[in-house]
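Me: I would like to learn how to read the sheets and the overall fold of a model like this one. Could you take me through it feature by feature?

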Amino acid sequence: MTYTLWIILTGCLVGLTCGVTGSLLVLRKMSMLADAISHTVLLGIVGAFFVSHSLNGLPMLIGAGIVGILTAFFVESLHSSGVQSDAAIGVVFTSLFALGVVLISFIGDQVHLDTKHALMGEIAFVPWDILEINGVSYGPIAVWMLGIVFIISIILIWIFYKQIKISTFDPQFAKLIGVPVVFIHYLLMTMVSLSTVAAFDSVGAILVVAMLIVPGATAYLLTDRFFILLCLSGVIGILSAIVGYTLAVYWNVSIAGAMACAAGIFFLFAFLFSPSNGLVVRKIKNLRYS
Amino acid sequence: MDALSVKNLAVTYDKQPVLENVSFSVPEGSLTGIIGPNGAGKSTLIKSILQLLPTLSGNVEVFNQPYKNQKKLIGYVPQRSEVDWEFPTNALDVVLMGRYSHIGWFKQASKKEVEWAKTCLDKVGMAAFAKRQISQLSGGQQQRVFLARALAQDAKVYFMDEPFSGVDAATENAIIKLMKQWKAEGKTVLVVHHDLQTVEDYFDHVLLLNKTPIEYGETQVVFTLNNLEKAYGGKIAFLQKGTASSQGVK
C-alpha cells in the first residue's frame, strides 16, 4: 500500500475507534473525562517506557489502561468526598499529566518521545514505524494497534450492549435489576484509554479529544436511536479523517489539525441543519407557524 | 406474610443522620403511602431499601428472605427527574428495559417480550406513543412510560417515588388504576406521597416518617391529626376531609 493510503487508513481507524467509544462518554455527559483521560494516558505511556524500555504497543496499552482507570477512580473519589466534579477532573487531570511531562524529561534523547509529539502527534510519520517480524513487514504499528483496540471495543460493546445502554439512561434502575454499574463505568473508561493511546501517536493528546467527543456530539444531533448513534459516530469519525486529510494535502497544513477541523465542521453543519434539532430548521419551522 | 420487613435501618449523609432506627413490616397485598414533611427522608428510605444508597446499618427482608436474593420480585418507579430524558431511545425501548433481567443480558428480546411491552404501554394509555422519542413526551407521558416499565417487570413488591408529582389528570388516573390492579392481584405497593388530601383515598396503609417512623399501620388508625402533628411538628397547612378533619383540623 502507498504512503498516502496508510495515512488515510490510520486516520479512518482513529476516527472510527475514538468516535464509537467517545460517543458513549458524550451520552453519559462525561466528555470532560475523555479530555482528562486523553491527557493522563501520557503518564501511562511514560510509565510503560520506564518499565519496558521501549515504545512497544502492548506495554503502552496496558500502561494507558491502568492510568485511565486511575484517572476515573481519582475523579470519582474526589467527587464523592465533596469536591465538585468539574474541579475534581481539573485537579486529577492536570496533576497526572504534569507528572507525565516531568517524567518525559528524564527519558531525554533515548527515544522519540517528547512533549510536542505527545501533544500534537504526527500522523505523517506513521507509515515509517512498521511492524516487522522476521524481516517481513506487516504494515504500520499504529494501524495494528488501532485495529486491535477497535475490535476489542466493538466486542465489549456487543457483549455488554444492554448493560451499557441501561446504565447510561437510568443508572439507578440498572443497579436495581442487577447491572454491575461500577464495572460498566470502568469498562468504558478502559475502552476510552485504549482508544486514546492507540490514537496518540497519530493525533496527540489534544486532538484526540476532538476525535473522541465531536463525532459523538454530532451524531447526538442527528439521531434518536442509541444503536444508530453509535454507528453514526464511527461514520462521522471516518469522514472527518478523509475530509481532513484531503484539506491538509490541498493547503499543505497539519493533517491531524485538519482532521479535527473537519470534525468541527461536521458538527457545525449538524448543529445548523439537523432535520430534528437543527437551529436553521427550527427557525424555519417557527416562521412557518407564526 | 410480610412482603417487606425493615429492621434498624440507618442512613447518614455528610455525617448527618438522615434516617435512624427505621423498623417496620409491610403485609403482603397492602398499598402503603409513605408520608412526611420535606426532608423527612422518604425517597432516601426507598432508595436505601433498594440498596441504591449506602446504608449505615439495617436489614431488609422481602418475603422473609434477604433482599439481595429477592431482587427479581422488586419493581421500581423512580422520580421522573432522575434520568436523562434526552437519551436517544423511544418509549417501547424504555419499557423493554423492565424486561432485561428476564430476557437475559446477552439475548435479543423475543417477539413475545416486545408484545408484552406493548401491552404494558397500552395499559397506561400510551400504545400510540410506542415509537416516540422519549424527549418528545410530556412529563405525564414520561411518568406513564415508567409505570409501563414497572408493569413489564411483573414484580411482587412495587416501590414508587412521588409518582403523582406534577402529572396531568390522565396520568393520575393511570397510576390509580394501576395501583388498584396491583392490589387486586395481591401485589404489595409502597408509594412516596406528598399530597395529604388524597392519602385516605389512595392507600390502605400509611407510614408516617420524619427521619424515623412516627407510626405505621392501617390508614384509619394511623392517619390521625395527633400523629400528623407528631410527624409534621404542627406544620400541617390544611386538611379538608376524612379522618383528620373529622377530628377538628382547621
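Me: In which sense do β1(B) and β2(B) pair, and over how many bridges?

Reply: In general, the strands of a sheet pair through backbone hydrogen bonds, either parallel or antiparallel. Here strand β1 (residues 2-13) of chain B pairs with β2(B) in the antiparallel sense over 8 bridges, where strands are DSSP runs of E of at least two residues, helices are runs of H or I of at least four, both numbered from the N terminus, and two strands pair if DSSP finds at least two bridges between them. Within this pairing, Thr12(B) stands opposite Pro17(B) in β2(B). Helix α1 (residues 42-49) of chain B packs on the sheet and touches β1, β2 and β4 (57-62) of chain B, its direction making about 65 degrees with that of β2(B); contact requires C-beta atoms, placed from the backbone, within 7 Å, and the angles, from 0 to 180 degrees, are taken between N-to-C directions of lines fitted to C-alpha atoms, for helices over the stretch in contact.

Me: What should I keep in mind about the numbering and the origin of the model?

Reply: Residues are numbered from 1 along each chain as its sequence is written, while chains are lettered from A and ligands numbered from 1 in the order in which they are written. The model is predicted, so to speak of local features requires pLDDT of at least 70 and side-chain atom pairs count only at pLDDT 80 or more, whereas totals for chains, interfaces and linings use all residues.

Me: What is the strand order of the open sheet of 4 strands, and which strands stand at the edges?

Reply: The order is β2-β1-β4-β5 in chain B, with antiparallel pairing. Because β2 (16-27) and β5 (65-66) of chain B each have a single partner strand, one side of each is left without a neighbour in the sheet.

Me: How many helices and strands does chain B hold?

Reply: Chain B has 10 helices and 10 strands.

Technical notes
Contact = placed C-beta atoms within 7 Å.
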